[in-house]
Amino acid sequence: MRMRVAVIAAAAIAAAAATGVGVAQNQEPIQPIVPPQQVNLGKVELGKKLFFDPRLSKSGFISCNSCHNLSMGGTDNIRTSIGDKWQQGPINAPTVLNSSLSLAQFWDGRAADLKAQAGGPIANPGEMAFSHTLAIDVLQSIPAYEREFKKVFGKDKIDIDQVTSAIAEFEKTLVTPNARFDQWLLGKKDALTANELAGYKLFKESGCVACHNGAALGGTSFQKMGIVEPYKSSSPAEGRSAVTGKDADRFNFKVPTLRNVELTYPYFHDGAADTLGEAVDVMGRLQLGKKFSADENAKIVAFLKTLTGDQPTFALPILPPSSDKTPRPTPFK
Ligand code: HEC
Ligand code: HEC
């Protein structure tokens, strides 16, 4: 087995050396997405159930998947999300796809990682509007959950740490390898058309990669929105300064991933750009002081659409039924 891997690797190196492709493409500012490694399968299965379970919300109506719909690129495709009592939230829901690759979670990075993030929405009055204690009461009252938590974590009582740890483990599996751009990065020269390659060249040479780089084409830094020209928004969000308290961080947002960006409209933290063409135009002008022609814009958009990878697929989890003891949901009023 080991020998076979070595032979394949040697062949790949020889092929790359012969074409010169491997060498050039290793120097790209963007790396291919790697399929999930070393996940705890028990936690993943449990986390998948929790991600889809609306009983973690006060109304019994809203699950993580309501706003991060895995049939729609891990987003809700609306400007700002709708939470408990139909409240329209203040900010656009970023995709959960590939979010494990980001340096921090949320537009302002206020959660260090996926586990720290996952407790937020359950208790957020504008999202799932529950409390951690009530969520645990619900889970503890469902015998099949009680058994599954015990099997996975080996403890008698369910706690919020187990809940967020399982959800985070599931989210680690939500990566999207094998985009056509990744196939090209890995040496398949005909994976991209000339038009898409021209778009990539513009993306690199105009300076987009200064911020949109790494495997996720984003998530590696916080950057100001509106460098050359200010960004006008009706959203109250101030970005990173809400976390650091520093005026210099006002309007600094985590650079969003451009992976699967074809699926994750509308764009920007306020969801104000409906189309990719519009988002590219705004980025060119506000971040780089560059007005792209219609042809250049179309080329960049064509490149961005090559970043759509294999979407996570799995059997829809079947959730265990509530018991007679399960606290009942509180309807919207
Ligand atoms: C009512 C809609 C809604 C629900 C329900 C919801 N989210 Fe979110 N989620 C959002 C919004 C909006 C943001 C961005 C908030 C911000 O940055 O301030 C977000 C951000 C995130 C992020 C950060 C992504 C990034 O790139 O920064 C992750 C991960 C995430 N949510 C996972 C979850 C999980 C797990 C659940 C269920 C426990 C959940 N969300 C429930 C709307 C929702
Ligand atoms: C100086 C850093 C920087 C540069 C340069 C930059 N971007 Fe961005 N980009 C950002 C930030 C920050 C955001 C989020 C802004 C917001 O939501 O307010 C963003 C958002 C986007 C979005 C929307 C993604 C989403 O899910 O909402 C697209 C598309 C995008 N950029 C493409 C580009 C392209 C194409 C270029 C080059 C023409 C470019 N960017 C140059 C920092 C940058």
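Predicted model: local features only at pLDDT ≥ 70, side-chain atom pairs only at ≥ 80, totals over all residues.
Biologist: Thanks! What box do the C-alpha atoms fill?

Modeller: Roughly 65 × 60 × 30 Å, taken along the principal axes.

Biologist: And how many helices and strands are there?

Modeller: The chain has 13 helices and 2 strands. These are DSSP runs numbered from the N terminus, with H or I over at least four residues for helices and E over at least two for strands.

Biologist: Which domains does the assignment give?

Modeller: Domain 1 covers 26-35 + 177-307, and domain 2 covers 41-172. The bounds come from an automatic or database domain assignment. Taken over C-alpha atoms, the centres of the two domains are 27 Å apart.

Biologist: How many residues are in contact between them?

Modeller: 27 residues of domain 1 are in contact with 21 residues of domain 2; contact needs C-beta atoms, placed from the backbone, within 7 Å. On the domain 1 side, α11 (241-244) and β2 (252-254) each supply at least two residues.

Biologist: Switching to ligands: which residues come closest to ligand 1?

Modeller: C64, C67, G83, F106 and P121 are the closest of the 25 residues that surround ligand 1. A residue counts as near if its C-beta atom, placed from the backbone, lies within 6 Å. Two or more shell residues come from each of α4 (64-67) and α5 (114-123), and α5 gives the largest share, 5 residues.

Biologist: What about ligand 2, which residues come nearest there?

Modeller: There it's C208, C211, M225, F268 and M283, out of 26 residues around ligand 2. The largest share of that shell, 6 residues, comes from α12.

Biologist: How does the shell around ligand 2 split by class?

Modeller: Into 18 nonpolar, 8 polar and no charged residues. Nonpolar means Ala, Val, Leu, Ile, Met, Phe, Trp, Tyr, Cys and Pro; charged means Asp, Glu, Lys and Arg; the others, Gly among them, are polar. The shell around ligand 1 has 15 nonpolar, 9 polar and 1 charged.

Note on methods: Residues numbered from 1 in each chain as written. Chains lettered and ligands numbered in written order. Contact = placed C-beta atoms within 7 Å.
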